[in-house]
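Visitor: I'd like to learn how to read a model like this one. Could you take me through a few features?

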Amino acid sequence: MNETVVAMSECDRYIAGSLVTLFGFVGITLNTCVMYAVIKNKKFSMSFGSMCVSQLAANLGTSLVLGLCVGPVNIM
C-alpha cells in the first residue's frame, strides 16, 4: 500500500495562519455590527431577536478563538 504524505512548507504555514487570523477578525467585526443592529432594532425585540443574538454571541466566540488563538499559533 502506498501512502503519500504531503508536508506543509514554512510559507504555507504563514499563509494559513494569516488567513485564519484575517477571517477571524472579519468575523469579529461583522458579528459585532450585526449584533448591535439586532439589539437596537425594535422589530427584533421578541424571541426571534433573542435567538439571533444568542447565535451571534456563539459565532462571535468562535471568531474570537480563531482570530486571537488559532491563527497566531499557526504563524508561530
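Visitor: Let me start with one side chain: is Val26 buried, partly exposed or exposed?

Guide: Buried means under 20% relative accessible area, exposed means over 50%, and partly exposed is in between, with a 1.4 Å probe and protein chains only. Val26 has 37% relative accessibility, so Val26 counts as partly exposed. Keep in mind that this is a predicted model, where local features need pLDDT of at least 70, side-chain atom pairs count only at pLDDT 80 or more, and totals for chains, interfaces and linings use all residues. Residues are numbered from 1 along each chain as its sequence is written, and side-chain values use heavy atoms, leaving out hydrogens and water.

Visitor: Which helix holds Val26, and how many helices and strands does the chain have?

Guide: Helices (H or I, at least four residues) and strands (E, at least two) are DSSP runs, numbered from the N terminus. Val26 is in helix H1, and the chain has two helices and zero strands. In space, Val26 sits 8.2 Å from Ser63, C-alpha to C-alpha, though 37 residues separate them in sequence.

Visitor: What does Thr21 touch, beyond its neighbours within four places in sequence?

Guide: Contact means heavy atoms within 4.5 Å. By that rule, Thr21 meets Leu66, Gly67, Gly71, Pro72 and Ile75. Thr21 also lies in helix H1, which spans residues 10-40, and is buried because its relative accessible area is 14%. Across the chain, 70% of the contacts with a separation of 6 or more join residues 24 or more positions apart.

Visitor: How many aromatic pairs are there in the whole structure?

Guide: Rings of Phe, Tyr and Trp (its six-membered ring) pair if their centres lie within 6.5 Å; planes under 30 degrees apart are stacked, over 60 edge-to-face, and the rest tilted. The search finds one pair. Phe44 and Phe48 have ring centres 5.8 Å apart and planes at 35 degrees, so this pair is tilted. Phe44 is partly exposed, at 31% relative accessibility, and Phe48 is partly exposed at 48%.

Visitor: And the overall shape: what is the radius of gyration of the chain?

Guide: That radius is taken over C-alpha atoms, and the globule rule is 2.2 Å times the number of residues to the power 0.38. The chain has 18 Å, whereas a compact globule of 76 residues would be near 11 Å. Its C-alpha atoms fill a box of roughly 60 × 30 × 15 Å along the principal axes. Buried residues make up 18% of the 76.
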